[in-house]
Amino acid sequence: MNIFNPTIKAILPLVPKPLVRQIAKPYIAGETLDELVGVVEDLNLNGFSVATSILGEFVNEQNQAIEAGVDYIEVLTEIQSRNLDSNIHVKLTHLGLTIDKELCYSNLKSILKKAEETHNFVRIDMEDSSCTDDTLSIFEKAQREFENVGIVIQACMRRSMADIQKLNVLKANVRLCKGIYIEPRNIAYNDYQNVRENYSALLKELLTAGCYVGIATHDEWLVKDAFQTIDDLGLNPTQYEFQMLYGVTPSLRQSIREAGHRLRVAVPFGPAWYPYSIRRLRKNPAIAGYVLKALFKSD
Ligand SMILES: Cc1cc2nc3c(=O)[nH]c(=O)nc-3n(C[C@H](O)[C@H](O)[C@H](O)COP(=O)(O)OP(=O)(O)OC[C@H]3O[C@@H](n4cnc5c(N)ncnc54)[C@H](O)[C@@H]3O)c2cc1C
């Protein structure tokens, strides 16, 4: 796969927008709230919960950050009025983190208040390592004021075990993922098996401490390992959930559900699908491998 990645990265700017749309389509609900609602209803009917997010990150103008906050409030209103089984997740750089931390927090607070009113939950995504400290401290501040907020920890980061020791004390609601960003070796594990082993160790720590965990992975090795941990700790399915990305490994998601575990599908939507898809592909060449697969898929 690796030998194709530089080629994919180089040709990315030349890939026509409709083709990028085609490649992104299975992974994104659409551009509008109506399209999102259709996808969420369908997933709910099939027994899956959803986590919705509006595509966007690293906005650099105040009005874009404020607009994102307003849009999320509209999403929460829609979720309530249509009685959908969906919470939301937000990126702090979409809410203005890199413009002004106070603006970002006040934006987040408005969303959390609306989520509280509508009995919903907001998870703060973890972005690249330039944002980790700010994201964790904003989460801790928010958790002092609100109960309906959660965070994400990335197993690829060397610091994560120390971070979860603090989160364990707070009994935080944590989504555990491998981490999508390419990070330098001095702060992150680059080896595939090391990331898996750290994921496994972090999951045990979190679940043993009584934290609610969103086990976010499509890696069958980790799914089996999580089943074992859940079994060893004698947990019941209300103490954790599995999470997967929309469009990724639907057969694995079905089998997890059929084995009696709860599963939440993360469904992004919004007009910013193009810059988001291109940026994601540029940032992580491993993901670009999936583009190659999509380009040459026969069905
Ligand atoms: C619900 C959810 C929320 C996430 N939130 C964050 C976050 O806040 N911060 C963050 O850094 N990362 C986040 N991630 C991304 C995560 O860190 C990984 O990059 C991604 O999930 C791939 O890791 P994996 O555990 O599935 O293992 P991998 O070994 O990467 O994947 C296992 C298999 O799954 C399939 N697969 C995985 N990802 C894709 C994909 N995108 N497209 C097509 N097939 C794929 C492939 O078949 C692959 O062989 C999230 C992931 C999920 C599922």
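Q: Leaving aside neighbours within four places in sequence, which residues is serine 160 in contact with?
A: Contact means heavy atoms within 4.5 Å. By that reading, serine 160 is in contact with Ile153, Gln154 and Leu202. A word on the source: this is a predicted model, where local features need pLDDT of at least 70 and side-chain atom pairs count only at pLDDT 80 or more, while totals for chains, interfaces and linings use all residues. Residues are numbered from 1 along each chain as its sequence is written, and side-chain values use heavy atoms, leaving out hydrogens and water.

Q: Is serine 160 buried or exposed?
A: Buried means under 20% relative accessible area, exposed over 50%, and partly exposed in between (1.4 Å probe, protein chains only). Serine 160 has 2% relative accessibility, so it counts as buried.

Q: Which backbone oxygen lies 2.6 Å from a polar atom of the serine 160 side chain?
A: That is the backbone oxygen of glutamine 154.

Q: How many salt bridges does a search of the whole structure find?
A: Side chains of opposite charge can pair when their charged atoms come close. A salt bridge is a side-chain nitrogen of Lys or Arg within 4 Å of a carboxyl oxygen of Asp or Glu. The search finds twelve. One of them joins the side chains of aspartate 125 and arginine 175 (2.9 Å, N to O). Aspartate 125 lies in the loop between β3 (122-124) and α6, and arginine 175 in strand β5, so the pair ties together parts that are 50 residues apart in sequence. Helices (H or I, at least four residues) and strands (E, at least two) are DSSP runs, numbered from the N terminus. Both aspartate 125 and arginine 175 are buried.

Q: What lies 2.9 Å from an N or O atom in the side chain of arginine 175?
A: A nitrogen atom of the ligand does. Taken alone the ligand exposes 930 Å², and the protein buries 83% of that (areas by the Shrake-Rupley method with a 1.4 Å probe; for residues, only the protein chains shown count as cover).

Q: How many residues surround the ligand?
A: A residue is near a molecule if one of its heavy atoms lies within 4 Å of it. Here 22 residues surround the ligand, and the closest are Met126, Gly179, Tyr192, Thr217 and His218. The largest share of this shell, three residues, comes from β7.

Methods:
Polar contact = N/O pair within 3.5 Å; in protein donor to acceptor, adjacent residues only side chain to side chain.
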